[in-house]
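Thank you all for coming. I would like to take a few minutes to walk through one model, and I will keep to what was computed from its atoms.

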Amino acid sequence: MDYHGCCQADADKYLDYKPENYWELLEPVDFVIDTLGEKEFDRELSIIKSGGKMVSLIAGPNKQFAIDKGMPKAKQLLFGLAGKKFDKKAREKDVEYWFIFVRADGEQLKEISRIIEKNNIVPAIDPTTFRLADVNQALHLVAKGHPKGKVLLRVDYSE
């Protein structure tokens with residue numbers, strides 16, 4: 001599967017997964033990028049249409065991951081065992097499950113940038129912009145508040 005550049009992103013609302021039950025609010029979707037891990041796996045699966053795809057950055061690798069990386073048969077077997085529960089649950093929902101090992105890699109970041117630009121993906125931005133002197137307030141909002149997207153910190157060197 002070529003999971004790079006496969007999708008058109010059409011987000012029309014922001015959901016905060018902590019206070020809102022996204023699995024009760026969303027209509028079935030074609031594609032989920034899992035950044036929450038195993039504890040949310042079943043809920044994420046519940047919002048994917050039959051024939052849809054889930055790419056996880058955190059839940060866990062599976063046999064397909066080992067095959068894609070060209071790993072030896074022994075490692076494919078081990079990864080197959082480790083990811084068996086994810087593959088089984090996805091198969092039961094007629095969903096493809098893929099795992100991507102994310103690392104700080106210049107080529108990978110270039111590819112992600114290309115996908116973002118190609119699909120015109122724009123992140124949600126919280127309306128509050130903080131000055132550098134207010135960094136503690138910004139961190140508090142991120143940690144304890146409910147920002148409506150990315151929190152911006154304005155750095156003005158003349159301050």
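Before that, two remarks on how to read the values. This is a predicted model, in which local features need pLDDT of at least 70 and side-chain atom pairs count only at pLDDT 80 or more, while totals for chains, interfaces and linings use all residues. Residues are numbered from 1 along each chain as its sequence is written, and side-chain values use heavy atoms, with hydrogens and water left out.

The protein chain has 7 helices and 5 strands, where helices (H or I, at least four residues) and strands (E, at least two) are DSSP runs, numbered from the N terminus. Read from the N terminus on, the elements follow the order α-β-α-β-α-α-α-β-α-β-α-β. Of the 159 residues of the protein chain, 26% count as buried; buried means under 20% relative accessible area, exposed over 50%, and partly exposed in between, with a 1.4 Å probe and protein chains only. If we take the contacts (heavy atoms within 4.5 Å) between residues at least 6 apart in sequence, 49% of them join residues at least 24 apart.

Now to the sheet. It is an open one, formed by 3 strands in the order β1-β2-β3 with parallel pairing, and two strands are said to pair if DSSP finds at least two bridges between them. The edge strands are β1 (29–34) and β3, each of which pairs on one side only. Between β2 and β3 the parallel pairing runs over 4 bridges, and K53 stands opposite E96 in β3.

Which residues have the most contacts inside the largest nonpolar core? This core has 14 residues, and those with the most contacts inside it are F41, L45, I48, M54, V95 and Y97; the elements that give two or more residues to this core are α2, β2, α5 and β3. By a nonpolar core I mean a set of buried Ala, Val, Leu, Ile, Met, Phe, Trp, Tyr and Cys residues joined through side-chain atoms within 4.5 Å. Leaving aside its neighbours within four places in sequence, F41 touches M54, A59, F86, K89 and Y97.

Let me turn to strand β2 (residues 48–56), where S56 is found. S56 is buried, with a relative accessible area of 0%, and its side chain is joined to that of D34 by a polar contact of 2.5 Å. A polar contact here is a pair of N or O atoms within 3.5 Å; within protein, one must be able to donate a hydrogen and the other to accept it, and residues adjacent in sequence count only if both atoms are side-chain atoms. V55, also placed in strand β2, is buried with a relative accessible area of 4%, and its C-alpha atom is separated by 7.9 Å from that of F31, 24 residues apart along the chain.

Just after α5, D94 takes a positive phi of about 55°.
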